[in-house]
Amino acid sequence: MTEYRMHLLICGGTGCKASESDEIKNRLNKFISDSGLQNDVQVVATGCFGFCEKGPIVKVLPDNTFYVEVKPGDAEEIIKEHVVKGRPVKRLLYTDPTTAKHISDSKGMDFYKKQIRIALKNCGFINPENIDEYIARNGYEAMGKCLTEMSPEDVIKEVKDSGLRGRGGGGFPTGLKWEITRNVENEQKYVVCNADEGDPGAFMDRSILEGDPHSVIEAMAICGYCIGADKGLVYIRAEYPLAIQRLKIAIKQAEEYGLIGDNILGTGFNFNLELRYGAGAFVCGEETALIHSMEGLRGEPTFKPPFPSVSGYMGKPTNVNNVETFANIPVIINKGATWFSNIGSDKSKGTKVFALAGKINNVGLIEVPMGTTLREVIYDIGGGIKDGKAFKAVQTGGPSGGCLTKDMLDIPIDYDNLLASGSMMGSGGMIVMDEDDCMVSIAKFYLEFTLEESCGKCTPCRVGNKRLHEILEKITEGKGEEEDIERLNELSMVIKDTALCGLGQTSPNPVLSTILNFGEEYKAHVIDGKCPAGQCKSLLRYDIVEDVCTGCTLCFRNCPVGAISGERRKPHYIDQSLCIKCGVCFDKCKFNAITLT
Amino acid sequence: MAKIKTLADLRKIKEEAQSKIKLRENSDNPEQLIQIKVGMATCGIASGAKDTMKYLVEELEQEAIDAVVTQTGCMGYCYAEPTVEVTVPKKEPVVFGYVNKEKAREIIDMYIKRGELIDGIIPVNFKTIDE
Amino acid sequence: MDTVNLTIDNKPVVVKEGITILEAASGIGIDIPTLCHMKLDDLNIENKPGGCRICVVEVNGRRNLAPACCTNVHDGMEINTHSMRVINARRTVMELILSDHPFDCLICAKSGNCDLQDMAHKLGIREIRYKGEQSTYREDTSPAINREIDKCIMCRRCETMCNEVQTVGVLSAINRGFESVVSPAFEMNLDHSVCTYCGQCVAVCPTGALTEVDETGKVIRALSDPSKTVIVQTAPAVRAALGEEFDMEAGTLVTGKLVAALRRLGFDHIFDTDFAADLTIMEEGTELLNRLGKHLAGDKDVKLPILTSCCPAWVKFFEHQFPEMMDIPSTARSPQQMFGAIAKTYFADKLGIKREDLVVVSIMPCVAKKYECGRDEFKTNDNPDVDHAITTRELAALIKLSNIDFKSLPNEDFDNPLGESTGAAVIFGTTGGVIEAAVRTAYEVHTKKELPRLDFEELRGMEGIREATIDFDGLPIKIGIAHGLGNARKLLEDIQAGKSKFHAIEIMSCPGGCIGGGGQPYHHGNVEVLKKRQVAIYQEDKNKAIRKSHENPHIVKLYEEFLGEPMSEKAHHLLHTSYFDRT
Ligand SMILES: Cc1cc2nc3c(=O)[nH]c(=O)nc-3n(C[C@H](O)[C@H](O)[C@H](O)COP(=O)(O)O)c2cc1C
Ligand code: SF4
Ligand code: SF4
Ligand code: SF4
Ligand code: SF4
């Protein structure tokens with residue numbers, strides 16, 4: 001057995017693979033063997049490190065050197081300089097944005113300082129395609145402990161005591177859900193893992209499945225043991241090929257070891273797993289729609305009750321949990337409910353993974369204890385707003401959530417606080433907006449999404465959202481009237497009150513919360529005909545200041561639609577009815593004679 | 001792959017597998033571990049740093065001492081190569097010169113295990129690579 | 001039985017556990033409006049997608065409003081069905097539906113009979129605050145059904161009928177979001193699908209999205225053409241339902257007024273499909289006895305059970321779905337087509353006119369009959385045996401159009417020779433009727449004895465699949481009955497699996513049989529209407545002097561003068577047919 005004295009971990013997640021992490025890995029290996037170090041140095045493709053802003057990332061162990069934005073061309077230098085000569089490649093180190101210093105050890109990076117990794121503990125650490133590495137990290141120990149030392153009731157009690165709540169959005173207590181499913185009598189039950197992850201910009205679940213698939217498999221088996229199910233199904237969207245591949249490999253390896261299958265660890269417990277593929281419709285993440293989709297029917301929600309726990313897949317009791325929810329389970333069993341419940345806030349225990357995106361310096365995947373404030377996430381971990389702009393709002397909960405403003409930055413993030421502030425936890429998308437973002441357009445963006453993703457079954461969502469979107473469109477096109485704001489409010493309330501499933505019940509949230517928090521901005525659009533953020537093109541106006549214009553004709557010659565007229569050496573004039581607000585004239589004019597209002 | 005039939009089987013595999021990723025585990029919490037850096041630039045390698053490093057890794061492993069052995073670039077004491085920097089938790093780093101196998105043995109036995117200072121310490125006015 | 005206590009609109013009520021708010025409210029006379037929901041109790045048909053959201057009510061302690069149609073009651077519930085919040089939501093939802101609906105009421109086939117229109121009226125919608133884009137789709141027409149799905153409100157009733165009840169599976173929701181609509185897969189034409197034209201989708205569609213192909217114009221044109229002799233036949237189920245179109249109580253028999261109206265419309269001879277039904281019994285009954293005889297004699301090539309074949313949607317169904325079993329149904333044509341074949345030969349000869357100058361119009365409870373009369377095997381030199389099939393509803397429209405005050409019409413009689421019929425023919429209009437009529441004749445032919453009784457209660461009812469054993473003087477004949485194609489499928493699968501114990505099976509596509517046909521006055525989800533029509537049919541049977549087909553004097557005469565005997569070569573040529581594999 002070879003023991004490598006040096007490990008090079010390279011991110012093999014979807015994002016980094018897109019930026020050639022495979023090629024980097026090949027080259028690293030090539031130069032390692034060129035230097036005759038193949039027995040000393042090991043290159044491991046791991047799951048996501050989270051710091052996607054600067055991917056691909058190569059981490060050199062044991063010295064914990066953290067290289068960012070590595071290109072295939074850098075492989076040679078990393079091997080020849082760092083590995084052979086022990087001289088870190090400075091130009092590839094991460095530069096602290098505030099101190100402008102290179103930081104070599106990832107522990108010193110603000111991005112990681114405030115994070116606690118439970119669900120992501122193995123992501124970026126082990127090779128997800130090697131079950132031994134998972135086992136080395138206590139893998140399947142929790143399952144072993146449950147099967148041999150604990151009764152299903154004990155396990156459920158542990159999960160209940162831990163305070164773990166569903167990470168798929170609803171925040172329902174996981175232990176309680178297991179108990180309910182356990183108490184429904186039926187010979188056949190199912191465990192379903194919801195890996196549909198449809199929020200725009202979210203990739204928490206994908207990263208867990210890519211970086212640590214066994215944790216989910218192990219947890220599903222534990223769940224099966226608790227509720228009395230011998231069959232598990234992972235519903236995963238087909239657009240996640242890498243996660244699917246890793247899961248398949250993991251299932252195969254676990255089967256080969258007998259860690260899933262029949263008579264696991266000689267205890268007589270059977271558990272088999274299958275994958276089911278979703279076509280990538282957001283609404284299929286809703287559990288009843290998900291179940292119908294797995295049954296081969298149209299992915300469309302049905303009224304609850306009955307809840308899946310009572311009548312789910314094929315009419316059998318079915319426990320549906322989210323990927324991240326499952327990933328917490330083995331740790332809870334291994335370290336105990338008390339350990340887990342000591343992390344987090346009063347009613348929200350443990351950590352939450354967020355996908356940080358938008359106008360923020362450190363875009364990426366983070367895991368923080370519940371109760372961390374938005375400010376810590378955005379400024380300490382996220383490194384603040386891009387290009388030194390001013391923070392405006394942050395949207396949590398994806399298209400179902402709302403936006404939170406500057407005044408709410410010190411709110412400790414947990415299920416209840418977010419709900420109370422007019423947003424929600426959702427599955428963990430967090431999109432940061434800066435002063436250049438128009439909040440009406442943001443609301444419109446989210447509605448566009450729900451509009452596309454509505455299943456069309458119920459009237460309020462099918463037609464109501466369309467009408468909301470039309471009104472928003474009217475406003476951003478400068479055709480809004482003052483009454484439109486009230487119309488938006490009223491219609492939103494009815495949609496929330498009457499829609500069938502969670503999608504429709506929450507789809508107006510972005511509209512309501514932007515009206516509530518940025519009402520002035522709406523008014524500016526409909527009353528003053530202005531978009532304060534300068535995003536709504538139709539509300540922009542380019543004018544030529546007569547006194548300044550020299551009549552050079554430059555703008556006239558460059559206007560793509562011929563909206564500018566005027567004689568040489570005489571002031572020019574923009575025909576507003578023709579202008580498409582492209583801004584070419586503004587950029588071209590050498591005399592600053594063109595104004596933008 | 002052989003089937004894992006009992007929890008004991010699983011734990012056995014775990015132990016075997018753990019050694020393979022120990023390096024990673026350890027470097028996750030370096031501040032609690034003994035850190036040893038071996039100067040491994042051209043000058044170091046020429047004067048046998050590789051052997052020293054290998055010896056240190058093997059011996060520490062043998063004695064089950066949790067330590068992270070890494071290589072670093074030239075420390076600027078080429079005259080005294082191979083050089084080794086040892087950081088014991090909560091203590092200042094100490095640099096030893098002319099570390100061959102015997103010296104390495106001595107470092108392990110005296111400095112690391114008992115905390116006794118030994119000969120060959122190079123005065124500490126240097127910077128580590130992490131400037 | 002466990003009960004729960006709750007209050008609805010401040011009225012305390014005690015109801016059965018497990019029922020819905022909608023049911024609980026209706027029990028105390030509170031009529032919560034619904035649009036997509038439909039429940040036909042005795043037929044086991046329910047459409048409950050909870051999609052329209054018209055029936056929302058306020059439940060104390062609940063975050064959002066609850067759909068009454070799919071929320072079960074529980075103890076201590078406090079429900080308000082018309083609070084301001086509810087009314088506002090309900091009206092807003094209605095406005096939203098209307099905002100995506102063409103404003104075609106004045107020229108819509110459904111106007112006056114439209115559940116959506118009624119609901120808009122009931123909710124007092126006077127303005128639509130949220131106007132916007134309307135979804136548009138291609139119109140689709142077929143030999144029997146028009147689809148104008150711009151008017152579809154996604155109630156999914158048709159989908160339930162086509163998939164769950166009929167198990168044909170043509171219609172389903174396609175597309176997503178605002179573009180969603182119910183349609184054949186890939187928005188293909190109905191004509192290219194495996195649709196049976198049973199018309200059950202049409203029967204339940206609350207709007208004008210699905211309607212029959214209107215042929216009243218063609219009938220008017222034929223009636224006003226002096227060179228044509230126009231005769232009409234009217235199916236048994238029509239007389240038990242037509243009155244509803246003129247605000248008469250469901251189940252009112254209007255046979256005499258129907259004849260009078262047809263005469264006033266200008267038809268030259270008013271005949272009865274019932275005559276052809278008697279003829280069908282002669283042929284089909286003989287075929288049954290032939291097959292049975294051979295079977296009892298040990299002939300292994302003979303297949304039993306024999307299946308009835310008078311329902312064209314059922315014929316198309318097995319041609320698509322069970323082509324390997326096409327030798328099991330009787331080869332007898334449907335009464336409509338038997339009538340046409342006799343009319344254009346025997347009767348045209350009697351009148352001394354060419355078949356081209358004789359126009360045969362049929363009044364049917366059914367839309368599939370429109371398709372049937374267009375089938376090539378029912379044409380001679382391109383001239384169809386039946387020229388136009390119009391539905392009960394279309395006839396009502398013609399009567400109204402022609403300024404006839406239906407209610408005050410006198411009762412008149414059918415013309416001869418094709419207007420005379422027996423009680424056996426009348427009961428063709430309901431599930432179980434065809435086989436009962438066949439039994440009445442087959443028994444006497446087989447046993448050469450007179451039947452001790454005429455009413456076979458064991459064959460009657462609304463149960464989806466029924467079975468009975470009739471004693472043919474020592475020979476037990478096992479009879480199966482299915483109505484609704486889903487039920488038919490079950491019996492067919494049994495036959496396929498070799499598990500069927502029946503000698504003869506009657507199959508009707510429409511729940512209830514023809515009384516529930518796709519061309520009948522709309523029942524608007526009220527199953528009582530169907531049941532009353534059924535009662536009327538059996539009443540008409542009782543009213544008849546002759547109740548056995550083989551005793552119909554004009555039938556006897558037809559065989560003497562023209563056909564020879566049942567299953568003769570001539571009869572075979574004119575009254576039997578063959579089937580085609582449509583897979
Ligand atoms: C429109 C909609 C989309 C959803 N999408 C997801 C999803 O992508 N992943 C997920 O785990 N849960 C999703 N959910 C929540 C699920 O319905 C369900 O509550 C969850 O899978 C339960 O798991 P948990 O208790 O572990 O959170 C969605 C819900 C709605 C209403
Ligand atoms: S709320 Fe939207 S997604 Fe949910 S059932 Fe209604 S139409 Fe479908
Ligand atoms: S379907 Fe009904 S509401 Fe629509 S146009 Fe026709 S009559 Fe009017
Ligand atoms: S006519 Fe019958 S088979 Fe055809 S679409 Fe309608 S319900 Fe389905
Ligand atoms: S076509 Fe008619 S019955 Fe079918 S869903 Fe649309 S409105 Fe309902």
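A salt bridge here is a side-chain nitrogen of Lys or Arg within 4 Å of a carboxyl oxygen of Asp or Glu. The structure is a predicted model, in which local features need pLDDT of at least 70 and side-chain atom pairs count only at pLDDT 80 or more, while totals for chains, interfaces and linings use all residues. Residues are numbered from 1 along each chain as its sequence is written, chains are lettered from A and ligands numbered from 1 in the order in which they are written, and side-chain values use heavy atoms, with hydrogens and water left out.

**Exercise 1. Describe the interface of chain B and chain A.**

Step 1: start with the salt bridges. The rule finds two across this interface. In a salt bridge between B:Arg11 and A:Glu141, the N to O distance is 2.4 Å.

Step 2: Seven residue pairs, both at pLDDT 80 or more, are in polar contact between chain B and chain A.

Step 3: see which elements supply the chain B side. Helices and strands are DSSP runs numbered from the N terminus (helices H or I, at least four residues; strands E, at least two). Helix H1 (7-28), helix H2 (42-46), helix H3 (49-62) and strand S2 (67-72) of chain B each give two or more residues to the side that touches chain A. The largest share, 15 residues, comes from H1(B).

Step 4: get the extent. With contact meaning heavy atoms within 4.5 Å, 39 residues of chain B and 49 residues of chain A take part. The buried area (accessible area, 1.4 Å probe, that two parts lose on being put together, summed over both) is about 3,600 Å², and carbon and sulfur atoms give 57% of that.

**Exercise 2. Now do the interface of chain A and chain C.**

Step 1: count contacts and area. Here 33 residues of chain A meet 37 residues of chain C. About 2,700 Å² is buried, with 53% from carbon and sulfur atoms. On the chain A side, A:Phe303, A:Arg467 and A:Asp497 lose the most area to chain C, together 23% of what that side buries.

Step 2: C:Arg85 and A:Asp497 form a salt bridge, their closest N and O atoms being 2.7 Å apart.

Step 3: assign elements. Helix H17 (439-453), helix H18 (459-476) and helix H19 (482-498) of chain A each give two or more residues to the side that touches chain C. H18(A) has the largest share, nine residues.

**Exercise 3. Which pair of chains shares the most contacts, and how far apart are the nearest C-alpha atoms of chain B and chain C?**

Of the two pairs of chains in contact, chains A and B share the most contacts. Chain B and chain C do not touch, and their nearest C-alpha atoms are 44 Å apart.

**Exercise 4. Trace the open sheet of four strands in chain C.**

Step 1: write down the order. It is S15-S22-S21-S20, with mixed pairing; two strands pair if DSSP finds at least two bridges between them.

Step 2: find the edges. Strand S15 (306-307) and strand S20 (465-472) of chain C each pair on one side only.

Step 3: follow one pairing. S20(C) runs antiparallel to strand S21 (residues 475-483) of chain C, and eight bridges join them. C:Glu467 has C:Gly480, in S21(C), as its bridge partner.

Technical notes:
Polar contact = N/O pair within 3.5 Å; in protein donor to acceptor, adjacent residues only side chain to side chain.
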